[in-house]
Amino acid sequence: GENVEQHPSTLSVQEGDSAVIKCTYSDSASNYFPWYKQELGKGPQLIIDIRSNVGEKKDQRIAVTLNKTAKHFSLHITETQPEDSAVYFCAATPYGNNRLAFGKGNQVVVIP
Amino acid sequence: NAGVTQTPKFQVLKTGQSMTLQCAQDMNHNSMYWYRQDPGMGLRLIYYSASEGTTDKGEVPNGYNVSRLNKREFSLRLESAAPSQTSVYFCASSEIQSSGNTIYFGEGSWLTVV
């Protein structure tokens, strides 16, 4: 089955700086890659996703890039703010099912 | 708009006791899921239901049973709780069980087995 790994496990950034989280996946058949944000005591919430037919997608301060050849995708957060502090999960799933394989999560801390 | 609602929010069980976690969604979604979240392990799929009337095992189904009661509701049952089942449980739903469909999560149920 699919195996998704996230790096680094914890990331601290100064407010206003950029944060980048990278995920690698193992199954070349995976074609859908969402990113979820989980705030303390809450359930994960989708913040952005990308499909295998595109290389980059942006939504205001967040962007996701995908390199299918190298089997990795990254979340980019620009102009970080304290409310960006959370745990971020990447996931991957192959075409035909929605059985997401999640990474173990990254704790992002934005220092004011 | 409630989305995915889980009950109870918190529960403490003794080893060997049974309990059922309830989940309901109001988005008219066909597919529903149960995940567990443990420190350093991310989210792992326990069971899922692609559509009303069907259920399938996920990555970690042992010790659990599920019931898709109707299109809205999907319950998770622990027949004989064990300390290893101490975890945070998330119910989720998506429009259909197909890649690319956004999965929406509930707020979680914190379960401690002593």
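Visitor: How many disulfides are there over all chains?

Guide: Two, over all chains. The rule is a pair of cysteine sulfur atoms within 2.5 Å. This is a predicted model, where local features need pLDDT of at least 70, side-chain atom pairs count only at pLDDT 80 or more, and totals for chains, interfaces and linings use all residues. Residues are numbered from 1 along each chain as its sequence is written, chains are lettered from A and ligands numbered from 1 in the order written, and side-chain values use heavy atoms, without hydrogens and water.

Visitor: Which cysteines pair up in chain A?

Guide: Cys23(A) and Cys90(A), with sulfur atoms 1.9 Å apart. Cys23(A) sits in strand β3 (residues 19-25) and Cys90(A) in strand β9 (residues 86-94), so the bond ties together parts 67 residues apart in sequence. Strands here are DSSP runs of E, at least two residues, and helices are runs of H or I, at least four, numbered from the N terminus.

Visitor: What's the handedness of the link between Cys23(A) and Cys90(A)?

Guide: Left-handed, at -95° about the S-S bond.

Visitor: Is Cys23(A) buried or exposed?

Guide: Buried, at 0% relative accessibility. Cys90(A) is buried too, at 0%. Buried means under 20% relative accessible area, exposed over 50%, partly exposed in between (1.4 Å probe, protein chains only).

Visitor: Now chain B. Which residues form the disulfide there?

Guide: Cys23(B) and Cys91(B), sulfurs 1.9 Å apart. They link strand β3 (residues 19-25) of chain B to strand β9 (residues 87-94), 68 residues apart. Cys23(B) is buried at 3% relative accessibility, and Cys91(B) at 0%.

Visitor: Back to chain A. How many helices and strands?

Guide: Zero helices and eleven strands.

Visitor: What is its radius of gyration?

Guide: Chain A has 13 Å, which agrees with the value near 13 Å for a compact globule of 112 residues. That radius is taken over C-alpha atoms, and the globule rule is 2.2 Å times the number of residues to the power 0.38. The C-alpha atoms fill a box of roughly 40 × 30 × 20 Å along the principal axes.

Visitor: What share of chain A's residues count as buried?

Guide: 45% of the 112 residues.

Visitor: And the contacts?

Guide: Among chain A contacts between residues at least 6 apart in sequence, 53% join residues at least 24 apart. Contact means heavy atoms within 4.5 Å.
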